[in-house]
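Dear colleague,

I am writing to hand over a structure for your files. Please look at it first, and then read the notes below it.

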Amino acid sequence: MPFERHVDAAVVAVDKPAGLLSVPGRGADKQDCALSRANARHPGLRVVHRLDQATSGLLLFARHLAAQQALSRAFEQRLAQKTYVALVWGDPGPEGLIDLPLVADWPQRPRQKVCHATGRPSQTAWQRLGHEGPWTRLMLTPRTGRAHQLRVHLLALGHPIVGDALYDPHRPADRLMLHAQRLQVPHPDGGELALDSPCPF
């Protein structure tokens with residue numbers, strides 16, 4: 001799978017592999033990341049959004065400040081449409097909407113949790129794509145962009161994502177079976193930018 005998915009004068013989109021940080025972490029051992037690898041070919045990139053380290057798929061960077069501001073506004077205003085593919089344990093049904101507020105689980109950071117009292121509104125729509133033994137393949141469409149939203153919502157539904165070592169550590173797999181497959185967002189220079197990434201599992 002090629003690392004670069006799209007390059008133009010305003011944006012660079014990459015296919016982040018599972019296990020790679022989106023941006024540098026703390027410490028010398030956490031400097032290898034999607035941003036640093038993309039910066040090696042396109043210096044000066046700016047962060048627009050992030051994917052969890054364990055999640056693979058489409059990640060977008062801006063090439064200058066005006067593009068970063070335009071893209072950030074699009075994400076904040078929920079104009080960016082994101083579609084994920086996941087394998088989950090069991091079968092949650094043909095389709096549905098998870099509407100559960102989320103908040104940081106401070107004693108167990110970086111975990112998040114459902115909290116009706118103080119959580120931020122969070123919604124995830126799902127659609128069943130097929131059965132694969134004990135697993136179900138889902139298309140997930142987040143309507144909000146909270147940290148770990150898809151992982152916590154599917155866990156709360158009773159169908160955790162396969163390979164989620166943080167939220168479902170008793171059922172290990174080779175990787176977290178969660179992939180950012182499609183991203184559609186207003187392009188900073190006008191029109192729409194629509195990107196697709198083949199699911200690797």
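The following notes set out what was found, beginning with the whole chain and then turning to single residues.

This is a predicted model, in which local features need pLDDT of at least 70 and side-chain atom pairs count only at pLDDT 80 or more, while totals for chains, interfaces and linings use all residues. Residues are numbered from 1 along each chain as its sequence is written, and side-chain values use heavy atoms, with hydrogens and water left out.

**The chain as a whole**

The chain contains three helices and 12 strands; these are DSSP runs, numbered from the N terminus, with helices being H or I of at least four residues and strands E of at least two. For 201 residues, a compact globule would have a radius of gyration near 17 Å, and the chain agrees with this, having 17 Å. That radius is taken over C-alpha atoms, and the globule rule is 2.2 Å times the number of residues to the power 0.38. The C-alpha trace spans about 45 × 40 × 35 Å along its principal axes.

Of the 201 residues, 46% count as buried. Here, buried means under 20% relative accessible area, exposed means over 50%, and partly exposed lies in between (1.4 Å probe, protein chains only). Among contacts with a separation of 6 or more, 60% come from residues 24 or more positions apart, where contact means heavy atoms within 4.5 Å.

**A buried threonine**

Thr55 is found in the loop between strand 3 (46-47) and strand 4 (56-62). Thr55 counts as buried because its relative accessible area is 3%. Leaving aside residues up to four places away in sequence, Thr55 touches several others, including Lys16, Pro17, Tyr84 and His179.

**Salt bridges**

A search of the whole structure finds 10 salt bridges, each being a side-chain nitrogen of Lys or Arg within 4 Å of a carboxyl oxygen of Asp or Glu. In one of them, Arg128 pairs with Asp91, and the closest N and O atoms are 2.8 Å apart. This pair links distant parts of the chain, 37 residues apart: Arg128 is in strand 9 (residues 123-132), and Asp91 is in the loop between strand 5 (81-89) and strand 6 (95-99). Arg128 is partly exposed at 29% relative accessibility, and Asp91 is partly exposed at 33%.

Another salt bridge joins Asp168 and Arg171 (3.1 Å, N to O). Asp168 is buried, with a relative accessible area of 10%, whereas Arg171 is partly exposed at 32%.

Arg182 and Asp196 also form a salt bridge (2.6 Å, N to O). Arg182 lies in strand 11 (residues 178-186) and Asp196 in strand 12 (residues 192-196), so this pair ties together parts 14 residues apart in sequence.

**Backbone details**

Most residues other than glycine have a negative phi, and most peptide bonds are trans.

- The peptide bond from Arg109 to Pro110 is cis, with omega near 10°; Pro110 lies in the loop between strand 7 (102-104) and strand 8 (112-114).
- Arg78 has a positive phi, near 60°, and sits in the loop between helix 2 (65-76) and strand 5. Arg78 is exposed, at 53% relative accessibility.
- His148 has a positive phi of about 60° and is placed in the loop between strand 10 (135-142) and helix 3 (149-157). His148 is buried, at 12% relative accessibility.

Yours sincerely,

A colleague
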